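Please look at how the two ligands sit among the protein residues. A short report follows the structure.

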Amino acid sequence: MPHASSVPVLTIDGPSGSGKGTISALVAQQLGWHLLDSGALYRAVGYAAGMEGLDLSDVEAVTRCAQTTRIQFRAKKGAETRVIVNGHDATDELRTETAGAAASAIASVPSVREALVSLQLGFRKAPGLVADGRDMGTVIFPDAAFKVFLTASAAERAKRRYKQLKDKGLSVTLSGLQREIEARDSRDASRAVAPLKPAADALLVDTTGMGIDEVVAKVLAVVQP
Ligand SMILES: Nc1ncnc2c1ncn2[C@@H]1O[C@H](COP(=O)(O)OP(=O)(O)O)[C@@H](O)[C@H]1O
Ligand SMILES: Nc1ccn([C@H]2C[C@H](O)[C@@H](COP(=O)(O)OP(=O)(O)O)O2)c(=O)n1
C-alpha cells in the first residue's frame, strides 16, 4: 500500500449546479478511481441536525452532530449511490434545496469543517481519488496533482438544477431556485474558513453552453494529457 500522499488526486470544485457531481462521477469511472462527494457529508450533517431538532446556529450542538453522525456511501453498479445517515437511507431527502441550504449553513462553522477532515482524507486510496466540493483543491488536498474549478452562469446553473429536481419529481420553480442558489453561493464564497474559490493552480472551466461529454473530455485531459 503506497503512502497516502503518493496516491494521485483530482480535485473538482465549483458553485452549485456547475456540474461537479456529474463530471466527477463520470471521470472517476473512466479512470477507475475512488470518488469523494464532500457536499454529501455536509448535507448529511445538516440533515442529522434537522432530525435531532437542533438549532443550526448553535455551534456547539452542530459541531457535536458533525463529530457523531455516521455517514456511509453505498455504491450500486448502474444506480445512484445511496447515502446512509445514522443507518437511515437519506438519499432522497439530501438532494433537496432545503438540505443544500442546511448544509451551507453548518458548513460555515469552522469546527464542523474540522470534524469532517479526517473522514475526507481517508478517501485517498490507490489507485487515485476524484474529490468533488468547494475546498478540495484549496484546503483538503492542497497537494493534489490535478485541480479543476468548474463554473457556469448563474442562469444556466439554475436551469440545470431546475431540470434535475423536476425530473426527480420535486416541486420547484426556476425563479425560486435561482434565488436560493445565488444566496447559497454567496454564503459559501464569503465565509471566513475554506470559502468557495479556485485554487491558484486550478484549471478554470466555464461550462456554460458546454455538453457533459465535452466537459468530461476536458477534465480527463488534465489527468491524461
Ligand atoms: N455541462 C453540462 N451541460 C448540461 N447539463 C449539465 C452539465 N453538467 C451537469 N449538468 C446537469 O446539471 C445538473 C446539476 O449537475 P451536478 O453535477 O449535480 O452539479 P453540482 O454537483 O456542481 O451541483 C445535473 O442534472 C446534470 O446532469
Ligand atoms: N467541500 C465542501 C462541499 C460542500 N460544502 C457545503 C456548501 C454547499 O452549499 C453545501 C452543499 O454542497 P453540494 O456540493 O452537495 O451542493 P451542490 O451539489 O453543488 O448544490 O455544502 C462545503 O462547504 N464544502
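The sections below cover the model and then each ligand.

## The model

This is a predicted model, where local features need pLDDT of at least 70, side-chain atom pairs count only at pLDDT 80 or more, and totals for chains, interfaces and linings use all residues. Residues are numbered from 1 along each chain as its sequence is written, chains are lettered from A and ligands numbered from 1 in the order in which they are written, and side-chain values use heavy atoms, with hydrogens and water left out.

## Around ligand 2

Ligand 2 is surrounded by 18 residues, each with a heavy atom within 4 Å of it. The closest are Ser16, Lys20, Arg43, Arg113 and Asp188. The shell divides into 4 nonpolar, 5 polar and 9 charged residues. Here Asp, Glu, Lys and Arg count as charged, Ala, Val, Leu, Ile, Met, Phe, Trp, Tyr, Cys and Pro as nonpolar, and the others, Gly among them, as polar.

The side chain of Arg113 has an N or O atom 2.8 Å from an oxygen atom of ligand 2. A polar side-chain atom of Asp135 is 2.9 Å from a nitrogen atom of ligand 2. The protein covers 94% of the 520 Å² of accessible area that ligand 2 has on its own (Shrake-Rupley method, 1.4 Å probe).

## Around ligand 1

Ligand 1 has 15 residues around it. Among the closest are Gly17 and Thr22. The shell holds 4 nonpolar, 8 polar and 3 charged residues.

An oxygen atom of ligand 1 lies 2.8 Å from an N or O atom in the side chain of Lys20. Alone, ligand 1 exposes 560 Å², and the protein buries 79% of that.

Note on methods: Polar contact = N/O pair within 3.5 Å; in protein donor to acceptor, adjacent residues only side chain to side chain.
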